[in-house]
Amino acid sequence: MSSISVADPARDQTGTRPTIEERPLFGWLFAIAVACMVAAYVRAVAFTPIEALQGAAQKIYYVHVPAALSAYLSLGIVALMSIVYLWLHDERADRLAESAGEVGLVFLTVVLTTGPLWGKPIWGTWWTWDARLTLTLFLWFLTAGYLVLRGAVEDPAMRARYSAVLGILAALLIPFIHLSVYLFNTLHPKPILLKPDKPSMPSEMLITFFSFFVACTILCIALISARYRYGVERDGLRALESDGGDR
């Protein structure tokens, strides 16, 4: 696995330069996530029955919904860490929010890609401007804007504050996206699992869904961890460069 050198930007008590420690960028958790994803795909393709009405296209569901839940998890971390930063002004919270934001955008892209692939054979159209799809696309743009903002503001404190506010506002869309199929007349179907009564799926399909859910969750956490380690490396190198320029 590839490795990075992680530098603590703070000087030690002797006033010397920070030490640099070699640490893997992708650790054991990422390897577990990849293994779980492979196992989930094998189960979905080879061991899960084909849905009677939708055919093989329904199997996209097993990727589409867990990816959406992982995107919500990532953006929930963005909002939580943004609140922590606004309260404590802890740079680690800001760095974790940034890392989760990038991973959230990846999973949102998977959602907006697999959705049309599933919808075309079922709905007869790649896209429809109903409430859930439109709000999800809007959330994608908000998340992309969050990352663009982080790259556009040079002052670290100002960048963290502005990004925190936008990250919190973006996460507030998540409950509206979930409830949109109940609040509006949409082409998007109502939830099969995330509903008050009993999930309406056979046990074979439920096992496949939860396999993908676990795999996507582990992958989400592994990617956020790797991106956070990269952020530590980047900020450490910046601190070293700044320290060298001041000498």
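Which residues touch the most other members of the largest nonpolar core? They are Tyr61, Tyr62, Phe107, Leu139 and Phe212, in a core of 46 residues. The legends below begin with the whole model and then turn to this core and other close-up views.

**Figure 1. Overview of the predicted model.** This is a predicted model, in which local features need pLDDT of at least 70 and side-chain atom pairs count only at pLDDT 80 or more, while totals for chains, interfaces and linings use all residues. Residues are numbered from 1 along each chain as its sequence is written, and side-chain values use heavy atoms, with hydrogens and water left out. The protein has seven helices and two strands, in the order β-β-α-α-α-α-α-α-α from the N terminus. Helices (H or I, at least four residues) and strands (E, at least two) are DSSP runs, numbered from the N terminus. Of the 247 residues, 43% count as buried; buried means under 20% relative accessible area, exposed over 50%, and partly exposed in between (1.4 Å probe, protein chains only).

**Figure 2. Confidence along the chain.** The average pLDDT, the predictor's confidence in each residue from 0 to 100, is 87 for the protein, and 85% of the residues score at least 70. Helix α2 has the highest mean, 97, whereas strand β1 (residues 3–7) has the lowest, 47. Over residues 4–18 pLDDT stays under 50, and for this stretch the model has 39 contacts beyond four places in sequence. A contact means heavy atoms within 4.5 Å.

**Figure 3. The largest nonpolar core.** A nonpolar core is a set of buried Ala, Val, Leu, Ile, Met, Phe, Trp, Tyr and Cys residues joined through side-chain atoms within 4.5 Å. The largest one holds 46 residues, with Phe212 among those that touch the most other members. Two or more residues come from each of α1 (28–46), α2, α3 (91–123), α4, α5, α6 (173–183) and α7 (203–246). The most come from α2, which gives eleven. Not counting residues up to four places away in sequence, Phe212 touches Met37, Ala40, Tyr41, Ala44, Tyr62, Val63 and Pro66.

**Figure 4. The packing of helices α4 and α5.** Helix α4 (residues 131–152) packs against helix α5 (residues 156–171) at an angle of about 175°, with the axes 9 Å apart. Axes are lines fitted to C-alpha atoms, for helices over the stretch in contact, and angles run from 0 to 180 degrees between N-to-C directions. The two helices are therefore roughly antiparallel, a term for angles over 145 degrees. Helix α4 contributes Leu139, Leu142, Gly145, Tyr146, Leu149 and Arg150 to the contact, and α5 contributes Arg159, Tyr162, Ser163, Leu166, Gly167 and Ala170.

**Figure 5. Arg150 in helix α4.** Arg150 lies in α4 and is buried, with a relative accessible area of 7%. Beyond four places in sequence, Arg150 touches Asp94, Glu98, Arg159 and Ser163.

**Figure 6. Val78 in helix α2.** Val78 belongs to α2 (residues 61–88) and counts as buried because its relative accessibility is 3%. Apart from residues up to four places away in sequence, Val78 touches Ala97, Ala100, Gly101, Tyr146 and Gly167. The C-alpha atoms of Val78 and Gly101 are separated by 6.0 Å, although these residues are 23 apart along the chain.

**Figure 7. His89 between helices α2 and α3.** His89 sits in the loop between α2 and α3, and its relative accessibility of 51% makes this residue exposed. Most residues other than glycine have a negative phi. His89, which is not a glycine, has a positive phi of about 55°.

Key:
Parallel < 35°, antiparallel > 145°, perpendicular 65-115°, else oblique.
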